[in-house]
Amino acid sequence: MLRPWEVAEMSRAERSLKELYESYINPGVAKLYHLMGLGAGEVRGEGCMIYDEDGRAYIDCVSGYGSLPFGHRPRPVLNAVREQLERMALSSKVMPGRPAAELAEVLARVTPGDLQYSFFCNSGTEAVEGALKLARAATGRTGFVAAEGGFHGKTFGALSVSGRERYRAPFYPLLPGVTHVPYGDAGALRAAVSDQTAGVILEPIQGEGGVHPAPPGYLAAAREICDRTGALLILDEVQTGLGRTGVWFAAEREGVVPDILCLAKALGGGVMPIGCFIARPGAARAFWEDPLLHTSTFGGNPLAAAAGLAALRLLEEEGMVCRAAETGTWLKQELVQLALRYPAWIREVRGEGMLLGIEFVDEARGGLVMSGLVEKGVLTAFTLNAYRVVRVEPPLTADREVLGRVLDAWAEVLEHWNNVLGEDDVEEEREPRGPHVENTGSGTGTVGRPLTGGGKADADSPGEGSVRRVLA
Ligand SMILES: Cc1ncc(COP(=O)(O)O)c(C=O)c1O
């Protein structure tokens with residue numbers, strides 16, 4: 001009889017990745033990849049590029065939802081993790097460790113105001129869970145006020161404060177005492193926060209909500225409301241933090257210091273998973289009396305902490321944050337110019353730095369363009385709480401040359417579909433596309449291949465079948 005790993009090796013040769021996903025992960029996930037024309041597995045990443053098992057190259061404009069600030073396999077972070085790996089990988093958990101302590105110190109120095117005490121975990125949602133617990137422990141209150149459209153993760157607490165019904169409804173009852181208010185409406189926030197409120201949790205820019213920056217004055221108003229009522233202000237910068245929006249922390253634009261700041265994604269430097277919440281002393285002390293009140297086996301492990309230290313150093317020493325601001329401003333201007341040419345397709349381009357969102361007139365048009373971009377070798381993704389919005393979230397290190405190729409691909413795909421569909425209605429529900437057509441290039445091959453030229457597309461062209469079905 002074959003042993004389990006022998007079966008896995010056999011599968012590699014005989015079964016497609018799609019079949020493996022269908023049989024052993026989730027058929028729905030398999031369908032999603034298939035719909036996007038992403039059948040071949042990713043096997044190698046280098047800077048802004050990803051290569052699949054068929055040797056096709058893609059420009060990564062998703063960056064693991066912001067977790068690859070320096071692209072794939074940045075040498076300084078890799079080296080720091082390798083060096084740490086040679087000494088110690090995971091913590092005994094019974095002895096203190098220098099990497100986590102040093103990372104906490106650097107974080108206290110780079111974060112705004114008197115944010116000082118860090119707790120390390122492994123993901124963004126865990127950072128939010130911890131922040132919610134700390135707010136309850138510090139205030140002795142139970143309620144939370146959060147924003148409609150907000151995204152904070154999918155564990156129970158984080159889901160409870162997230163603002164999309166589609167992801168929440170199947171899991172009721174969620175955490176009690178959570179009120180959602182329209183994002184950006186300071187009056188609604190003021191009305192919802194009371195002396196029962198433990199915390200107000202907000203993103204300075206709603207990322208998964210469709211890339212919506214807070215209106216001017218909103219975060220400052222939130223700070224004032226919290227100060228007046230004694231609620232803690234929790235800012236979730238899991239996606240916006242650490243340079244993504246062209247400043248170290250998006251809330252810095254308004255000079256607002258939260259009581260608790262949540263970080264993750266970029267903190268791992270694109271090499272290790274890590275999450276963290278950092279609190280001001282007044283809030284943090286609630287976890288001091290019983291230091292085992294909130295713990296994590298893998299949180300603060302030496303490898304992740306080494307990656308975090310290297311990531312912060314790289315951000316600082318290489319001037320990455322300024323670079324993201326400059327490149328992002330240019331990229332946004334270019335995308336706005338593009339959007340103006342296709343008003344039947346694109347409603348708005350929003351965002352700051354390298355966190356940009358392109359709002360389509362509907363989900364179906366966004367989906368068509370995204371799969372067209374895949375054919376061109378450009379990876380994008382819609383935002384989780386607003387499928388109409390396609391994110392452009394490249395590594396902070398992406399330069400104008402690589403982004404120029406991304407813009408060319410966007411222009412070609414929009415021109416193509418605009419010629420095919422013009423202002424016709426596109427049904428929301430799309431059918432799977434035709435078979436994925438491989439690039440004939442080598443492993444480091446050129447990006448993508450041309451779609452059918454302008455004018456009405458060739459009936460046999462890949463993707464065309466789906467369009468007719470869409471129009472049917
Ligand atoms: C603002 C924000 N908070 C929390 C999370 C959850 O992070 P994770 O997926 O690492 O749990 C995300 C993920 O996209 C996020 O954007």
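**Reading a predicted model, feature by feature**

Student: Over which residues does pLDDT stay under 50, and how many contacts beyond four places in sequence does the model have for them?

Tutor: The stretch is residues 428-472, where pLDDT stays under 50 and the model has 79 contacts beyond four places in sequence. Here pLDDT is the predictor's confidence in each residue, from 0 to 100, and two residues are in contact if their C-beta atoms, placed from the backbone, lie within 7 Å. This is a predicted model, in which local features need pLDDT of at least 70 and side-chain atom pairs count only at pLDDT 80 or more, while totals for chains, interfaces and linings use all residues. Residues are numbered from 1 along each chain as its sequence is written.

Student: What is the mean pLDDT of the chain, and how many helices and strands are there?

Tutor: The mean pLDDT is 90, with 86% of the residues reaching 70 or more. The chain holds 17 helices and 17 strands, both being DSSP runs numbered from the N terminus (H or I, at least four residues, for a helix; E, at least two, for a strand). Of the contacts between residues at least 6 apart in sequence, 76% join residues at least 24 apart.

Student: What share of the chain is buried?

Tutor: Of its 472 residues, 50% count as buried. A residue is buried if 20 or more other C-beta atoms lie within 10 Å of its own, exposed if 12 or fewer, and partly exposed in between, with C-beta atoms placed from the backbone.

Student: Which residues are closest to the ligand, and which helix gives the largest share of the shell?

Tutor: The ligand is surrounded by 15 residues, the closest being G124, T125, G153, V238 and Q239; a residue joins this shell if its C-beta atom, placed from the backbone, lies within 6 Å of the molecule. Helix α7, residues 124-139, contributes the largest share, three residues. By class, the shell has five nonpolar, seven polar and three charged residues, where Ala, Val, Leu, Ile, Met, Phe, Trp, Tyr, Cys and Pro count as nonpolar, Asp, Glu, Lys and Arg as charged, and the others, Gly among them, as polar.

Student: Which residues of α14 are buried, and which are exposed?

Tutor: Helix α14, residues 320-341, has 22 residues that should span 32 Å, in agreement with the 32 Å between its end C-alpha atoms. Its buried residues are M320, V321, A324, T327, G328, L331 and L335. Seen down the axis of α14, these buried residues fall within an arc of 125°, so they line one face of the helix; the arc is that of the directions from the helix axis to the C-beta atoms. On the other side of α14, the exposed residues are C322, W330, Q333, Q337 and L340. The elements covering the buried residues include α13 (302-317), β13 (346-352), β14 (355-360), β17 (386-392) and α16 (400-421).

Student: Why does Q206 count as buried, and with which residues is Q206 in contact?

Tutor: Q206, in strand β8 (residues 205-206), is buried because 28 other C-beta atoms lie within 10 Å. Leaving aside neighbours within four places in sequence, Q206 is in contact with G149, G150, Y183 and H212. Q206 and H152, 54 residues apart in sequence, are 9.8 Å apart in space, C-alpha to C-alpha.

Student: What is phi of V211, and what is the peptide bond from Y172 to P173?

Tutor: Phi of V211 is near 55°, a positive value in a residue other than glycine. V211 lies in the loop between β8 and β9 (212-213), and counts as buried because it has 27 C-beta neighbours inside 10 Å. The bond from Y172 to P173 is cis, with omega near 0°. P173 sits in the loop between α9 (165-168) and β6 (178-181), and Y172 is exposed, with 7 other C-beta atoms within 10 Å.

How values were computed:
Expected span 1.5 Å × (residues − 1).
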